[in-house]
Amino acid sequence: MKQFATLIIGTSTLLLSLTAPVVQAQAQTPAYRLIERDMAANNRIQVQITPGRATPISFTQTDEAIAYILVADPSQLVYTTDTDLKSGRATTIFLRAIQPLKFPGATTTAITNLLVQTVDKTGQKRLYNFDIVPVRRNTAYVGIQIANAFVVPLQGSKLRVADAPEDVAVGGASRREGIVSGTAPRRGAASESSAIAGQQTLLIDKNRRARVDDIETGLRIAINRGYTNKSDPVVLKMQQVLDLLRNTRVTIKEAATSVGVPVEVISELGRIALNDRLLRLGQQR
């Protein structure tokens, strides 16, 4: 089977340019995972922690101060803040994994949740719910930054997909992949179905649909093959899309719009995974 079309995701701050304060923070800490404030407050956000490393959750890109923190299961997790909570100026929480402790009468769980209540300069309170996920490997990001609403201009995007160098066999027929820009939709690529969390699908072409797992696989392949870098804004945004799809009942289009990623990017990642699967099946025959 001939090699399938390659994806080129240009490292473009223009594609996912944010408000000025957020851009500045991203330049200083490119491995941070940026999450828009309202999305973070309305969803359960996964935070991965690794033994021996501290993972920060920062509200420095908002006007909020941390007022209260609760860890549901403190037997495997400790935290500190950059400033005493009583000062009203704490903006960052630092999480660290510890050896399991036993508290009489307490219950434990593999994935606990961290509740953070903040208050902004107008006195408005917000409650954030973070799922704390212990992992052994190094994570793709060093921490979480909660930011004000993103501004995402799509015109002039440098996102592009290269002309397919080879024909690709799809459903027994041979076809040549077209060119997709960041603003030009691919015919039939944006149809989607199922708003059940984790079961959403995206129509890639006439005969194939990509699942959430396929999109995640396509992102991993794109990183491993050097199409993009782990710290690229596109990658960080796609991780947010995947979190939304797995934890909420939103469609792929809704998740893409919320985070500010063109659906065409998600479509191409799904296409990469499906084509890779076809290639491996062809090699096994």
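Ala41 touches Leu127 and Tyr128 when residues up to four places away in sequence are not counted. In this predicted model, Ala41 and Leu127 are 86 residues apart in sequence, yet their C-alpha atoms are 6.2 Å apart in space. The protein chain as a whole holds six helices and 16 strands, and residues 24 or more positions apart account for 69% of its contacts with a separation of 6 or more.

- Ala41 belongs to helix H2, which covers residues 37–42.
- Leu127 is part of strand S9, which runs over residues 125–134.
- Beyond its neighbours within four places in sequence, Leu127 is in contact with Ala41, Leu115, Val116 and Gln117.
- Leu127 and Ile69 are separated by 58 residues in sequence and, from C-alpha to C-alpha, by 9.8 Å in space.

**Phe130 in strand S9**

- Strand S9 also contains Phe130.
- The relative accessible area of Phe130 is 1%, so the residue is buried, a class that requires a value under 20%.
- Not counting residues up to four places away in sequence, Phe130 touches Ile45, Val47, Ile57, Phe59, Thr112, Asn113, Leu114, Val116 and Ile146.
- One of these residues, Ile45, is 85 residues from Phe130 along the chain, and the two C-alpha atoms are separated by 4.8 Å.

**Thr201 in strand S15**

- Thr201 lies in strand S15, which spans residues 201–205.
- Thr201 has a relative accessible area of 13% and is therefore buried, as this value falls under the 20% limit.
- The side chain of Thr201 forms a polar contact of 3.3 Å with the side chain of Arg209.

**Packing of H3 against H6**

- Two packed helices are described by the angle between their axes and by the distance between those axes.
- Helix H3 (residues 212–224) packs against helix H6 (residues 263–284) at an angle of about 85°, and the axes are 7 Å apart.
- H3 and H6 are therefore roughly perpendicular to each other, since angles from 65 to 115 degrees fall in that class.
- On the H3 side, the contact is made by Asp214, Ile215, Thr217, Gly218, Leu219, Ile221 and Ala222.
- On the H6 side, the contributing residues are Ile266, Leu269, Gly270, Ile272, Ala273, Leu274, Asp276 and Arg277.
- By class, this contact of H3 with H6 comprises nine nonpolar, three polar and three charged residues.

**Packing of H4 against H6**

- Helix H4 (residues 233–247) also packs with H6, at an angle of about 85° and with the axes 12 Å apart.
- H4 and H6 are therefore roughly perpendicular to each other.
- The contact is made by Val234, Met238 and Val241 of H4, together with Val265, Ile266 and Leu269 of H6.
- Six nonpolar residues make up the contact of H4 with H6, with no polar and no charged residues.
- Ile266 and Leu269 of H6 take part in the contact with H3 and also in the contact with H4.

**Chain totals**

- Buried residues make up 47% of the 285 residues in the protein chain.
- The protein chain exposes about 14,300 Å², of which carbon and sulfur atoms supply 51%.

Notes:
Residues are numbered from 1 along each chain as its sequence is written. This is a predicted model: local features need pLDDT of at least 70, side-chain atom pairs count only at pLDDT 80 or more; totals for chains, interfaces and linings use all residues. Side-chain values use heavy atoms; hydrogens and water are left out. Helices (H or I, at least four residues) and strands (E, at least two) are DSSP runs, numbered from the N terminus. Buried means under 20% relative accessible area, exposed over 50%, partly exposed in between (1.4 Å probe, protein chains only). A polar contact is a pair of N or O atoms within 3.5 Å; within protein, one must be able to donate a hydrogen and the other to accept it, and residues adjacent in sequence count only if both atoms are side-chain atoms. Axes are lines fitted to C-alpha atoms, for helices over the stretch in contact, and angles run from 0 to 180 degrees between N-to-C directions. Angles under 35 degrees count as roughly parallel, over 145 as roughly antiparallel, 65 to 115 as roughly perpendicular and the rest as oblique. Contact means heavy atoms within 4.5 Å. Ala, Val, Leu, Ile, Met, Phe, Trp, Tyr, Cys and Pro count as nonpolar, Asp, Glu, Lys and Arg as charged, and the others, Gly among them, as polar. Accessible areas come from the Shrake-Rupley method with a 1.4 Å probe; for residues, only the protein chains shown count as cover.
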